[in-house]
Amino acid sequence: MRVFDWIVQLMGIVMAVAAAPVFLGWVNQCRAWLQNKSAPNILQPYRSILKLFHKDAVIAQSASRLFRLAPYVVFGAMVTAAAVIPSIATRLPITRAADAIALVGLLATARVFLSLAAMDIGTAFGTMGARREMMIGFLAEPALLVVIFVVSLTCATTALPIIVERLSAQSFALNPSLAFTAVAFTMVLLAENARIPVDNPATHLELTMIHEALLLEYSARHLALMDWAAALKLFNYACIGFAMFIPWGIATSDAPMGLILSVVLLGVKLAGAGAALALVETLSAKLRVFRAPEFLATAFLFAVLGLLVRLLLGA
Amino acid sequence: MLCLLLLTAWCMAGLAGLARPLSIAFVGRTLFPLGAVFGAALALVAAISLTHPTEQLVLPIGLPDLPVHLRLDGLSGVFLILLGATATGISIFAAGYFRQGEGTAPGLICLQYHLFLASMGFVLLADDAYAFMLAWETMALSSYFLVTTQHRIPEIRKAGFLYLVMAHLGAIAILLSFGILQGGSWHFTFDAMRAAHLGPNGATIAFCLALIGFGAKAGLVPLHVWLPEAHPAAPSPVSALMSGIMLETALYGMIRVSFDLLGLPLWWWGLLPLLLGLFSALYGVVFAAAQTDMKRLLAYSSIENIGVMFTGLGLAIVFAGVGMHAAAALTLIAVMYHAINHAFMKSLLFLGTGAVLHATGERNLGHLGGLIHRMPWVAWLTLIGVLAIAGLPPLNGFVSEWLLLQSFLFAYKVPHPFINMLLPLGAALLALAAALAGYVMVKFFGVIFLGQPRESALQQARDAGFAERFGLAWLAIGCMLLGFFPTTVIALFSIVTQQLGLGGLPTSNAPWWLLLPIPERESSYAPLVFFAVIAIVVVLAILNVRFFYHQRIRKGAAWDCGFGGLNSRMQDTAEGFGQPIRHLFQPLFAMVRELPGPFDRRPRYRLEIGDRIWQALYQPLGPLVRRVADKVAWLQQGRIATYLLYSFVTLLVLLALML
């Protein structure tokens, strides 16, 4: 059923690209509710993306081609990541093209292009944002890799689809090493997606922003692509987390019923994860920029602890 | 032995430079391109030889009864490919690079350059200790003269001297190592060393001496001090040769000694290169992040990459020592892959800095910026090298990193308690070094090529000439091919591991585009698919924007918060970009800082970053040597009668010993 596999694969990609802004909208909605504000529509991210596509692009005079190319590359990398992550089914054609380590590399590619584009204009904000983004990145990346090592030691592979299959074949049990790494992964997710406590997605305060500083010079369609890519990144991270820590329900065969069930379950998981994310963001305060390394070092140590527990206890 | 012929041809091309030593046109237009052709031919011949059995040759030259033994096996072949293919790109670039007024006359540079290349080739072919040391010393000397090309500058003479001293200390260690390896047979061919039976103590000492000797040449911390001085001092093509190829010959030597001459190594030896390598990797990359000179930054990045290779080598030794041959083969393949990647990436970057240096006359990152507008060719080709060395897929740097991390995942199977738990932590540190490399490379590219020019003189910068572009493009294409076709490259490397007795990788029925090193783990990576998907999405997104929306673009000033007066001095400097790293890794640096007070009329900011290892290990050596020399000077009375007495006593002692 190769053709069927490709159809499922394409549908998965389209679904991820389409669902990502909705997921972001859901997180924003939950956060507004928790903070006693009247919530924006769940489709609000879509509306702003659409609005941005219709606007005229304004580009700084000192911009080079790299600046205009970067949004497409970042978006492309995020879509590729969505294709690689087994979010609804495991036996798909493109998922074999990259294992979890390559996935981390892909996310790093997007980050490097984003930072380079921010440096391209040559303003204080852009370079400051690039420097901070790379700082967060170089601390988060090893932590994420150690998380992946722990999971791959448990499953004897680094291929995400196989991890999903092997983990979901086990019955549910609280695995101490996976518990540690799940905490570490959540912290990396917060940092990498510019959420509180590391960065505030709702701020444009010059001295504290990281992600928004990178995008400051972007407008119109380029900004739309960058925003869409950021939403997709959050969606991808959530799906990576599902694949490693709550893989139950992801379809491991071609049965259509399984696929439908898996899509429904993915929606439920996303709803839960979005609400939890909003809760974390509401309960914590933003850290100073130089506390962020400590936050990520904690994540790294949690992951290493998970690794040691895994090697000591074998569980 | 076509390789031998080509190496001799390199020597000839060098000698031909002496015919018209002052003619840039002759040397640049004829000899360097000729050298490039020889390089390409060498790579081709070496690649073909990999599929043939090992060749041996005895040349009756040199001292009587001590002929030169040469041998071309898989390991030599792989490194000869590296040498030939990289040298081709560098030589093409050099054809356009060397100009009048570089210090040494062009003809002489041509001789030293080609002698350097040929001696590296002979190091790889040598099959006895004499030939090896002869080639090794020729390599050190010719590169010393190349480093001191601009010998009128005192700092460069000083850097050259430091390099020479370290090179010779290393050479002594290698010589002593060979002395132990012959194992009492007093035959110094490598065949005799393979056959010699050393006890575990002798073998350990030989291994440690080799590690010191080759580590000094490779720039392993703490023997790295010469590297950040000598590599920036040399002209850029020479820096590229030294960083890209010469460091790898040291790795070759280490592989040769530990896996071939010593037979199968003891497992715990591996921990030494592993720890030193990990430390070097982190140390190098942290220092690279703090540099403000673009070539010094690259030199420190070389220390990092050498560290990564030695980490892998150490891991391979551990695996081989405990009998996990398949894992050892995978690790060794990752190491060789990283070596060839580093040769291409680092040469590309050094040549890129060379082009910038020629266009602007500036090496200090604080005076560069915005060159992507003036030098688009150099900028975009360098960007490929930058992405590759930052370890980003689908380029080549990522493949070797991926393989190395995969092999680290076997480490928990090592049958020694504690070690099997600590080894996977090495992977975490390696991941940290790789992520930091990304930081360093964003700084390198961003500060040089992006942003606004920090000096008005940069507006006059011209893009590189045709030969230079061609050389850069050669290396950039090499980076891409090595990244896109990993299975082909790995098939070549597994010939080497088979010859070294580790066996190749397990066969799998994976298609050619899918890298699947260990079939039962099912960890796979397909760079071409990767690249294709990204490319398709990018094209679709661009077409989508074109057909459904509009393409209107307005140019405007950058956002200045409404205050106005935005200028290029407000960008992050190289110091500023390195600041988070300096802050986080403060204990590693010996920093001297002068900060201006709030009421200074002439505020001055000064920051000097020193190397603690240099201060702690090397600086006390100078006074020590002087004190010892003062004591020894007592022997030098300056009277001929005393010296005759010395000779007489020596003769008496020798006679007594003989009888």
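Predicted model: local features only at pLDDT ≥ 70, side-chain atom pairs only at ≥ 80, totals over all residues.
Residues are numbered from 1 along each chain as its sequence is written, and chains are lettered from A and ligands numbered from 1 in the order in which they are written.

**Chain A**
- Chain A holds 11 helices and 1 strand, where helices (H or I, at least four residues) and strands (E, at least two) are DSSP runs numbered from the N terminus.
- Read from the N terminus on, the elements of chain A follow the order α-α-β-α-α-α-α-α-α-α-α-α.
- Along the principal axes, the C-alpha atoms of chain A fill a box of roughly 55 × 45 × 40 Å.
- Of the 315 residues in chain A, 61% are buried, and a residue is called buried if 20 or more other C-beta atoms, placed from the backbone, lie within 10 Å of its own, exposed if 12 or fewer do, and partly exposed in between.

**Chain B**
- Chain B has 24 helices and 5 strands, and 54% of its 659 residues count as buried.
- For chain B the radius of gyration is 26 Å, in agreement with the value near 26 Å for a compact globule of 659 residues, and its C-alpha atoms fill a box of roughly 100 × 70 × 55 Å along the principal axes.
- The domain assignment of chain B gives domain 1 (265-508), domain 2 (575-614) and domain 3 (621-658), with bounds that come from an automatic or database domain assignment.
- The centres of domain 1 and domain 3 of chain B, taken over C-alpha atoms, are separated by 49 Å.

**Where the chains meet**
- In all, 69 residues of chain A are in contact with 65 residues of chain B, contact meaning that the C-beta atoms of two residues, placed from the backbone, lie within 7 Å.
- Helix 5 of chain A gives the most to the side of chain A that touches chain B, with 16 residues.
- That side of chain A divides into 45 nonpolar, 16 polar and 8 charged residues, where Ala, Val, Leu, Ile, Met, Phe, Trp, Tyr, Cys and Pro count as nonpolar, Asp, Glu, Lys and Arg as charged, and the others, Gly among them, as polar.
- Strand 1 of chain A and strand 3 (residues 553-556) of chain B pair in the parallel sense over 4 bridges, pairing being assigned if DSSP finds at least two bridges between two strands.
- Within strand 3 of chain B, B:Lys555 stands opposite A:Ile59.

**The largest nonpolar core**
- The largest nonpolar core has 367 residues, of which A:Val74, A:Ala143, A:Val146, A:Ala303 and B:Leu436 touch the most other members; such a core is a set of buried Ala, Val, Leu, Ile, Met, Phe, Trp, Tyr and Cys residues joined through C-beta atoms within 7 Å.
- Leaving aside neighbours within four places in sequence, B:Leu436 is in contact with A:Phe138, B:Val285, B:Val286 and B:Ala289.

**B:Trp513**
- B:Trp513 lies in the loop between helix 19 (486-499) and helix 20 (527-548) of chain B, and it is partly exposed because 15 other C-beta atoms lie within 10 Å.
- Not counting residues up to four places away in sequence, B:Trp513 touches B:Ala526, B:Leu528 and B:Val529.

Technical notes: Rg over C-alpha atoms; globule rule 2.2 N^0.38 Å.
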